[in-house]
Amino acid sequence: MHGRANLTAIRLMDACEHLLCRSETVDDLTARRIAIEAHATPSAIVYHFGSQEALISAVAERVYRRLNAERLSLLRKAVDRRAPEPADLAEIIAALVGPSIRWSLDPSSSYAVLSHFTSMVKTHREEAPHHRRITGNVEHHRAFIPHLKRIAPWLDDVEIGWRLNCALGIRSQVTRSRSRTELLTNFSMDLDDPELVIARMTEVIAPMFRKPI
């Protein structure tokens, strides 16, 4: 029975992810649509997750883990490529921001799930526990700190963390505010080219970790 219950929960998560990737807004999603897609009943969502919102959070957490696994894999490759010397700064930055940029421009990715989750969180005055599992998880970001500190040993952990967060803010603005980016750059950049966007973003972020002259 326990195995069948787990399979139902997985089917609900798969169905929710599939539908979120094809929904214009998170409000387009209903328990009935998820249940039909998963060959389950709407009550199964409450039984396994407590609510539809908690199900969406569980799906977003699963997608986020995949994104972060890609990010950490790129970090490890960048570190291994130059070991035992410090890693290349541009490669470290590309590992940090690259997966999000590529996913956001790839219609076959599940990036839409993360966008819908962010929208859902913004509608709440107080963060629910199932929201905090994602928004409060920064360990995959912390993994970059020791490597950036080797590159920029004159910066302490606080300064590295501050610059890291600023770098993530730049990435978020570019991925979530495309129309503003287009207007501010006079439509002169090909924002559909992920490698170009990553390279240009790296140019902006890298000076944060270079020693002032």
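Which residues does histidine 140 touch, not counting residues up to four places away in sequence? Select Tyr64, Asn68, Arg71 and Leu72: these are the ones in contact with histidine 140 (contact means heavy atoms within 4.5 Å).

A word on the ground rules: this is a predicted model, where local features need pLDDT of at least 70, side-chain atom pairs count only at pLDDT 80 or more, and totals for chains, interfaces and linings use all residues. Residues are numbered from 1 along each chain as its sequence is written, and side-chain values use heavy atoms, with hydrogens and water left out.

Stay on histidine 140, which lies in helix 8 (residues 139-142); helices are DSSP runs of H or I, at least four residues, numbered from the N terminus. Histidine 140 counts as buried because its relative accessibility is 5% (buried is under 20% relative accessible area and exposed over 50%, with a 1.4 Å probe and protein chains only). Its side chain makes a polar contact with that of asparagine 68, at 3.4 Å (a pair of N or O atoms within 3.5 Å, one able to donate a hydrogen and the other to accept it; residues adjacent in sequence count only if both atoms are side-chain atoms).

Next, select helix 10. Its buried residues are Ile160, Leu164, Ala167, Leu168, Arg171, Ser172 and Thr175. They cover an arc of only 140° around the axis, so they sit on the same side of helix 10 (the arc is that of the directions from the helix axis to the C-beta atoms). Turn to the other side of helix 10 to find Val158 and Trp162 exposed. Among the elements covering the buried residues of helix 10 are helix 4 (52-82) and helix 8.

Technical notes:
Helices (H or I, at least four residues) and strands (E, at least two) are DSSP runs, numbered from the N terminus.
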